[in-house]
Amino acid sequence: MNGMHDDGLDAFGAFGQDPFDDEEFAEQEGEQDDGAGEFEDGLLEEELRQAVAILDPVPAELRQLAMDAYALHDMDARLAELTFDSLVDAIPVRGATAAPRMLTFTAGELSIDVEVTSEGLMGQVMPPQPAGIEVLNGPQALRPTTLTADAMGRFTSDAPPTGPFALRLRAGGEVVVTEWLRA
């Protein structure tokens, strides 16, 4: 024809190779699929973990924050839902410049009313009862501020919460934790 393949050899024959037929190809695949892929995947995954640990490690501060946040988690506590926040729910008053933030948290029959100002916070537990209240200020605080509610359920603090905060109330063998809010 054009003089290139006058001897009748195709591309495989020219190099002394015969192409696999379908049966031989299937046999070759079967020999390679002996479960070694799973072992190799495990090694590859471990090598990738080591590479990430070296090239992009988790910062020590982030690891400490995660551990501190978990330490604040109380598995037996009920969550008190935020049912009123004056920043969202209140009608603005003309001329009011430094109105305190009013919050109400509810967990079943129990409610906690809190007023947050720049001078501190004060609140009341309803129904009125003595209680221990911790002001959780996130992982930065070494210890939460502990307050005591009197027989009427009233409590005060001279230190305003800074940054994210939550309240943990202990009354009558029950533990209630409020949602986290930013002061």
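Exposed means over 50% relative accessible area, buried means under 20%, and partly exposed lies in between. The structure shown is a predicted model. The exercises below work through it.

**Exercise 1. Overview**

Task: State how many helices and strands the protein has, and what share of its residues counts as buried.

Solution: 
- Start with the elements. The protein has 5 helices and 10 strands.
- Turn to burial. Of its 183 residues, 22% count as buried.
- Finish with contacts. Among contacts with a separation of 6 or more, residues 24 or more positions apart account for 51%.

**Exercise 2. A salt bridge within a helix**

Task: Arg49 forms a salt bridge with Glu45.

Solution: 
- Check the distance. The closest N and O atoms of Arg49 and Glu45 are 2.8 Å apart. The cut-off for a salt bridge is 4 Å.

**Exercise 3. Other salt bridges**

Task: Describe the salt bridge of Asp85 and Arg101, then that of Arg154 and Asp150.

Solution: 
- Take Asp85 and Arg101. Their side chains meet at 2.6 Å, N to O. This pair links distant parts of the chain: Asp85 belongs to strand β1 (residues 78-85) and Arg101 to strand β2 (residues 101-107), 16 residues apart. Asp85 and Arg101 are both buried.
- Take Arg154 and Asp150. Here the N to O distance is 3.0 Å. Arg154 is partly exposed, at 47% relative accessible area. Asp150 is partly exposed too, at 30%.
- Look for a network. Salt bridges link Glu134, Arg168 and Arg170.
- The structure holds 6 salt bridges.

**Exercise 4. Strand pairing**

Task: Trace the pairing from β2 to β3, from β3 to β4, and from β4 to β7.

Solution: 
- Begin with β2 and β3. They run antiparallel and are joined by 7 bridges. Met102 stands opposite Glu115 in β3.
- Inspect the turn. The hairpin of β2 and β3 has 2 residues between the strands, and Gly108 takes a positive phi near 65° there.
- Move on to β3 and β4. These strands pair in the antiparallel sense over 7 bridges. They form a hairpin with 2 residues between them. Thr117 stands opposite Gly120 in β4.
- End with β4 and β7. Strand β4 (residues 120-126) runs antiparallel to β7, with 4 bridges between them. Met122 stands opposite Thr156 in β7.

**Exercise 5. The nonpolar core**

Task: Which residues of the largest nonpolar core touch the most other members?

Solution: 
- Name them. The core has 22 residues, and Val114, Ile133, Phe155 and Leu169 touch the most other members.
- Find the suppliers. β2, β3 (110-117), β4, β5 (131-136), β6 (145-149) and β8 (164-171) each supply at least two residues of this core.
- Look around Val114. Leaving out residues up to four places away in sequence, its contacts include Leu103, Phe105, Leu121, Phe155 and Leu167.

**Exercise 6. A surface patch and a buried valine**

Solution: 
- Find its partners. Val58, Leu62 and Leu65 form a nonpolar surface patch, with about 260 Å² of accessible area together.
- Compare sequence with space. Val175 and Arg78 are 97 residues apart in sequence, yet 6.4 Å apart in space, C-alpha to C-alpha.

Notes:
Residues numbered from 1 in each chain as written. Predicted model: local features only at pLDDT ≥ 70, side-chain atom pairs only at ≥ 80, totals over all residues. Heavy atoms only, no water. Patch = residues over 30% accessible without salt bridge, like charges linked within 9 Å, V, L, I, M, F, W, Y side chains within 5 Å. Areas by Shrake-Rupley, 256 points an atom, 1.4 Å probe, with all protein chains shown as cover. Buried < 20%, exposed > 50% of the residue type's maximum accessible area, 1.4 Å probe, protein only. Pairing = 2+ DSSP bridges. Core = buried A, V, L, I, M, F, W, Y, C linked by side-chain atoms within 4.5 Å. Contact = heavy atoms within 4.5 Å.
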